[in-house]
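Here are some notes to read alongside the model. I have grouped them by region, and the numbered points can be taken in any order.

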Amino acid sequence: MTLRLFLARSWPLWLLAGCASMSSAPQAPAEFCAPARPERAAVPPLPLVLTAMSADGSTLAGYARVTDGRRAFTWSDGDGWRWLDRQYGHVLALSADGRVAVGGYRQTAACVGPAIWVDGVRVALELPAGTCMGEAVAVSDDGSVVAGSLAPNDQYPRAFVARRTGRGYSLRLLSSPPGYAAASAVSADGRVVAGQAADSGGWQQAFVLRNGTLTLLGPRARYARAEALSADGGLVAGQGRSDGDGSYFSFVAPAGRDMRRNDWLEPLRAAVPDPEVKIGMEALSRDGSRYTVSLKDSTGAPRSVVVSPELTEWVNGLDDGSRVRLYALSEDGRIGVGATLPDGAAASDATRAVVWANHGSQPLSAVYAVPADQHPASARYLSRRGATVAGWLADGRIYRASNLPGCPAWQVLGAAWAEQ
């Protein structure tokens, strides 16, 4: 049986079926260096959720949990903490330099609409009449193109694209496809947008919008969504669930062409006891060279797999049998970050944030971990060159570790709030 990968290469079955044996044995990673003095900032002691990082890792963004919802924030080397609005709001993405943040904010008591902040100031958006709920979820590298979804009153949400015009942005709802549509990714130059669409019958397809032309990818499914684009917009990645046997699938395909279910996922099912294994797309490197997939059985225990033209591999945790989620990749796919949990352990007390790296064509191996006394923790975001990683700690703080691949010096942000 010949298996087809998204780069139109043929792979023998034995290579994929034996992928677990090709991975290097787990080794004890070095722990992050002692953290710098916690950031002292005049901000409330609120739990933080990290949602975005700039290209070089100098700016972080997300929201704080408050009694009446959320408060959007950014943190940067130059400006420290910055509240983006004193009302309900959240950030979901940043431009490459971190100056443009996009997400949602409360327009009225009943409506949360899309938001664009430039240098910490929210830009006024002229929304189509009768629209209410929505949010912006993706932005081009230079911040000139923003995409998301917006719902006209009593109608399905529609995908939108907003383009910079002078000091503001001009927002346009996509006229097709009919029914529900939501954008989820934008290419680096803003020329390609990808997302999810559904017709009136509820069937779903991934879509790609390139130079004004919208293409639906592949056959209709119970669930299908494009999750990520390569930097040049040439590859689109996503996940779904088929309308036939209900099995889960993930895909990488040339943007604009029909999506085909990836046959190479079938051998991976043999390594998971439960036939109803869920397959989900996690990350696509910006150059399109590597693609991470998570597989979950009925217990919810994840296993991560990395696919590249050179190697298909299981990603090891910190010990044999660890459950692993690989959330982000560097732009060349050779460094990854995520979380690992010993098999059988409760997530509330043992999740560790981990950095994986490889040398040449070798499998990814765990090389750094947040100190054991700081778990549970997770690593969620990685700078493009893989030199800076950020994530969360169990007590509601966030952290940033820099100077990879050397001994990472890490900052714990928010720890001094209660001391003010």
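1. R384 is partly exposed, with a relative accessible area of 22%. Its salt-bridge partner is D141, and the closest N and O atoms are 2.7 Å apart. R384 sits in the loop between β31 and β32 (389-393), and D141 in the loop between β12 (131-139) and β13 (145-152), so this contact ties together parts that are 243 residues apart in sequence. D141 is also partly exposed, with a relative accessible area of 22%. Please keep in mind that this is a predicted model.

2. As background, side chains of opposite charge can pair when their charged atoms come close.

3. The side chains of D77 and R400 meet in a salt bridge, at 2.7 Å from N to O. This pair links distant parts of the chain: D77 belongs to the loop between β6 (69-76) and β7, while R400 belongs to strand β33 (residues 398-402), 323 residues apart.

4. A pair between D189 and R191. These two residues form a salt bridge in which the closest N and O atoms are 3.8 Å apart. If you check this one against a cut-off, the limit used for a salt bridge is 4 Å. D189 counts as partly exposed, at 43% relative accessibility, and R191 is exposed, with a relative accessible area of 58%.

5. An arginine in a strand. Is R225 buried or exposed? R225, found in strand β20 (residues 223-229), is buried, with a relative accessible area of 19%; the buried class means under 20%. The side chain of R225 makes a polar contact with the side chain of Q196, at 3.2 Å. Leaving aside neighbours within four places in sequence, R225 is in contact with several residues, among them A183, S184, G195, A237 and F251.

6. The enclosed strand β28. Seven of the seven residues of β28 (residues 335-341) are buried, so this strand is largely enclosed by the rest of the structure. In a regular strand the side chains alternate between the two faces of the sheet. Both faces of β28 are covered, with I335, V337, A339 and L341 buried on one side and G336, G338 and T340 buried on the other.

7. The partners of β28. Strand β27 (residues 323-329) pairs with β28 in the antiparallel sense over six bridges, and R323 has L341 as its bridge partner in β28. β27 and β28 form a hairpin with five residues between them, and G333 in the turn has a positive phi of about 75°. β28 also pairs with strand β29 (residues 352-357), again antiparallel and over six bridges. Here T340 has R352 as its bridge partner in β29.

8. A buried alanine. A379 lies in strand β31 (residues 377-382) and is buried, with a relative accessible area of 1%. Leaving aside neighbours within four places in sequence, its contacts include Y327, V337, G338, A353 and Y399. The C-alpha atoms of A379 and G336 are separated by 9.3 Å, with the two residues 43 apart along the chain.

9. An open sheet. Four strands form an open sheet in the order β4-β5-β6-β7, with antiparallel pairing. At the edges stand β4 (48-53) and β7 (80-83), each with a single partner strand, so one side of each is left without a neighbour in the sheet. Neighbouring strands of this sheet are turned by 30° against each other on average, direction ignored. Five bridges join β4 to β5 (residues 59-66), and M53 has L60 as its bridge partner in β5.

10. Backbone angles to look at. Which values of phi do D119 and N211 have? D119 is not a glycine, yet its phi is positive, at about 50°. D119 is placed in the loop between β10 (112-118) and β11 (121-122) and counts as partly exposed, at 35% relative accessibility. N211, also not a glycine, has a positive phi of about 50°. N211 is placed in the loop between β18 (204-210) and β19 (213-221) and counts as exposed, at 62% relative accessibility.

Note on methods:
Residues are numbered from 1 along each chain as its sequence is written. This is a predicted model: local features need pLDDT of at least 70, side-chain atom pairs count only at pLDDT 80 or more; totals for chains, interfaces and linings use all residues. Side-chain values use heavy atoms; hydrogens and water are left out. Helices (H or I, at least four residues) and strands (E, at least two) are DSSP runs, numbered from the N terminus. Buried means under 20% relative accessible area, exposed over 50%, partly exposed in between (1.4 Å probe, protein chains only). Contact means heavy atoms within 4.5 Å. Two strands pair if DSSP finds at least two bridges between them. Axes are lines fitted to C-alpha atoms, for helices over the stretch in contact, and angles run from 0 to 180 degrees between N-to-C directions. A polar contact is a pair of N or O atoms within 3.5 Å; within protein, one must be able to donate a hydrogen and the other to accept it, and residues adjacent in sequence count only if both atoms are side-chain atoms.
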